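Here is a short report on one chain.

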Amino acid sequence: ALTWALERAARDKLPVIVVHAVDDRWMSPDFQYHEIIRESGMELLRQAQASASERAPDVKVDIQLRHGSGGSVLREVSKEAALVVVGGHDKRRLDGGPMTDRALQVVSASECPVAVVPATQAAGAKGVVVGVDGSEESLQAVAFAAAEADRGGDELTVVLAFKSPAR
């Protein structure tokens with residue numbers, strides 16, 4: 001996801017902010033490892049920043065360590081961002097049920113467009129996919145996705161999502 005964000009930022013001459021959320025909601029204020037967890041998060045951010053600067057030297061890359069769940073932190077970030085970029089993941093199961101998809105949470109709660117970049121890209125996979133439900137927001141998403149696809153010379157796939165009526 002960071003590689004995709006850097007490529008887009010370089011193309012559009014925009015900065016990138018790499019955000020790491022430390023979910024400390026479950027920690028007691030007396031938790032002795034809080035500072036270690038915070039410093040580990042900062043080290044991860046510094047490594048991402050150094051790597052990003054090597055890959056895209058013309059892109060300004062800032063880092064932010066925030067506290068809270070990943071979804072709530074990115075919802076807050078989306079209030080000031082032009083675009084939020086998150087990595088998708090392969091579907092996994094835990095205890096027989098599907099794990100919650102963080103990308104779906106971010107897309108649902110974000111106040112700006114969200115790009116979900118697959119963790120692994122299938123050979124020859126290309127294009128932009130956007131979901132619509134007929135709402136004004138989804139029509140805005142189609143316009144954004146169409147512009148994104150046009151800029152990259154990619155195919156646009158529009159997926160209609162709806163809830164089937166109870167019978």
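## Ser110

Ser110 counts as buried because its relative accessibility is 17%, where buried means under 20% relative accessible area with a 1.4 Å probe and protein chains only as cover. Ser110 sits in the loop between α4 (102-109) and β6 (114-117). A polar atom of its side chain lies 2.8 Å from the backbone oxygen of Cys112. Beyond neighbours within four places in sequence, Ser110 is in contact (heavy atoms within 4.5 Å) with Ser78 and Val84.

## Basis

This is a predicted model: local features need pLDDT of at least 70, side-chain atom pairs count only at pLDDT 80 or more, and totals for chains, interfaces and linings use all residues. Residues are numbered from 1 along each chain as its sequence is written, and side-chain values use heavy atoms, leaving out hydrogens and water.

## Fold

The chain has five helices and eight strands. These are DSSP runs, numbered from the N terminus: helices are H or I of at least four residues, strands E of at least two. The order from the N terminus is α-β-α-β-α-β-β-β-α-β-β-α-β. Of the 167 residues, 25% are buried.

## Cores

A nonpolar core is a set of buried Ala, Val, Leu, Ile, Met, Phe, Trp, Tyr and Cys residues joined through side-chain atoms within 4.5 Å. The largest has 12 residues, including Leu6, Val18, Leu45 and Val61. Two or more residues each come from α1 (2-12), β1 (16-22), α2 (34-55) and β2 (61-67). Another core, of six residues, lies apart from it; Val84 and Cys112 are among them.

Methods:
Buried < 20%, exposed > 50% of the residue type's maximum accessible area, 1.4 Å probe, protein only. Polar contact = N/O pair within 3.5 Å; in protein donor to acceptor, adjacent residues only side chain to side chain.
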